[in-house]
Amino acid sequence: MQEIGLVPTTANLSELGLKNYKTAFWNLSPEELAEHTIQKGMGQLADSGALVIHTGEFTGRSPEDRFIVKDSETASKVNWGKVNIPFSPQKFDALWRKVCRYLNKKDLYVRDLAANASKNPDYRLRLRVITEYPWSNQFASNMFLRPDPEVLRDFDSRWTVLCVPGFRANPETDGTRQHNFAIVNVKKRRLLIGGTGYTGEIKKGIFSVINFVLPTRTKDALPMHCSANVGKEGDIALFFGLSGTGKTTLSADPERMLIGDDEHAWGDNEVFNFEGGCYAKTIDLTLEKEPDIYRAIRHGAILENVKFHPGTRNVDYSDRSVTENTRVSYPIYHIDNALSPSRADGDPKNIFFLTCDAYGILPPVSRLTPEQAMYYFISGYTARVAGTEVGVKEPKSTFSACFGAPFLPLHPAKYADLLGKKLRKSKANVWLINTGWSGGPYGTGSRIKLSYTRAMITAVLNGELEKGNFTKHPVFGLDMPVSCPGVPTELLNPRDTWESGAEYDAKAKSLAQEFNNNFSKFADQVKPEVLAAAPRV
């Protein structure tokens, strides 16, 4: 066994059960990791300088194969069920040992990182990420916070990530559902990933960890699946939304500094990023549509599951032959107006819940009361359309609690209660933004123009919209502005955009019923005033 690179003075992989590896490469630079990847035949460079890799069998997360070890630390706290699947402590220990044996005589890539860019050191997670593949290690370097070399020399890790894509579990003996797995062990502070090369399992595994640790151990920090930016006057804005709603696009504003594009916490008088990078979709990417992301794809970035134009190293971002979920990871400093460190003092002034309503029912912009905010936060609504999911040919309602249900170890009501407390204390404004359809559902109406959505958000951020007049939606009870600079007035009330008001009313009641049916599973955990904020059927 040998160690190469910047090895911390207290480092000892044998304490983790890793005793017979070939070489451990510690804290290599992105250039060195890219070189290792290419030498091993695992990737190649695009003409932009980005490293292009393929994640293999899995090009997305596998939610049914994500587990949490059920023990004295988690048994009474975790919201067990389809999202949080229990795993035996004994099975975990046996599987960990088995993975360590698999790594005998193999190279390892070890990286020391941190999560949570808070001013409060008690919030930070010190991570040691150990990977079988060099490009997995570079992904971790892109996505988490990178300590300075002087910090690394005496780095004392608290959490360990062990990612081994080449290992395949035996479900009959190992306790997994199939050969791939991602298992969180809170008590031992470990994340074990195997059988899948999809790098998002590393990112979202640690996100799940933070979603458990912050609410249970700090009490006052709300973890959030959202993007965030801050204006020149220090006003913070948060953007919640599921995939395809515009979270990354709308938070990228040349007039505002980016805090981050995906995972944050609202702490005591601060909003901080969990990460040190971005992980963005690239399907149909163009310089015109997403200039910040397009320009960030350069040396140090990793492109996943993309193809080149024939005979070139020029990426064809329209190619869906591998997956619709093509991705790029890059360090946040690849964005010109990103904050470093990625945090901002103060409480959010405006919070946006983004939804792509493919039915054309919800207003393009509306204001929520704190109780409505908690209701729509727990609901986490959007509607998928054809092309975003296999087999989806018509709009399909999707509800993901707190806009991130797959990553919430605790009951959604816990996060909503914490949001409610912070809203009442901060007096932050909450807005529901529909980036989906108007004038009818998908196939009949038309997608709301991005320029209109940006104009609405600008009017919110500069205070113009709040000063205007509002009218109430008869079914959803939302306050809809009567006018908005840069937006046609007839667009603001969705009923006015439909040819048949009666058809709109019928569909609005149908969607409202879907909301209420979904919310019924949370009814026994939320306060009466939140239930009273539900749509009226």
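Helices (H or I, at least four residues) and strands (E, at least two) are taken as DSSP runs and numbered from the N terminus. The structure is a predicted model, in which local features need pLDDT of at least 70 and side-chain atom pairs count only at pLDDT 80 or more, whereas totals for chains, interfaces and linings use all residues. Residues are numbered from 1 along each chain as its sequence is written, and side-chain values use heavy atoms, with hydrogens and water left out.

In helix H1 (residues 30-39), the residues Leu 33, Ala 34, His 36 and Thr 37 are buried, that is, under 20% relative accessible area with a 1.4 Å probe and protein chains only. These residues cover an arc of only 160° around the axis, which places them on the same side of H1, the arc being that of the directions from the helix axis to the C-beta atoms. The buried residues of H1 pack against strand E2 (23-26), strand E3 (43-45), strand E4 (51-53), strand E7 (108-115) and helix H3 (134-143), with contact meaning heavy atoms within 4.5 Å. After H1 comes Gly 41, whose phi is positive, near 70°.

Of the 19 residues of helix H6, 18 are buried, so H6 is largely enclosed by the rest of the structure. H6 is followed by Lys 219, whose phi is likewise positive, near 70°.

Strand E7 also gives the largest share of the lining of the second largest pocket, four residues; a pocket is an open set of points on a 1 Å grid over the protein atoms alone, where a 1.4 Å probe fits, with protein on both sides within 12 Å along at least five of seven lines, and lining residues have an atom within 4 Å of a point. This pocket is lined by 30 residues, of which Ala 114, Leu 145, Arg 146, Pro 147 and Asp 148 lie nearest its centre.

Terms used:
Buried means under 20% relative accessible area, exposed over 50%, partly exposed in between (1.4 Å probe, protein chains only).
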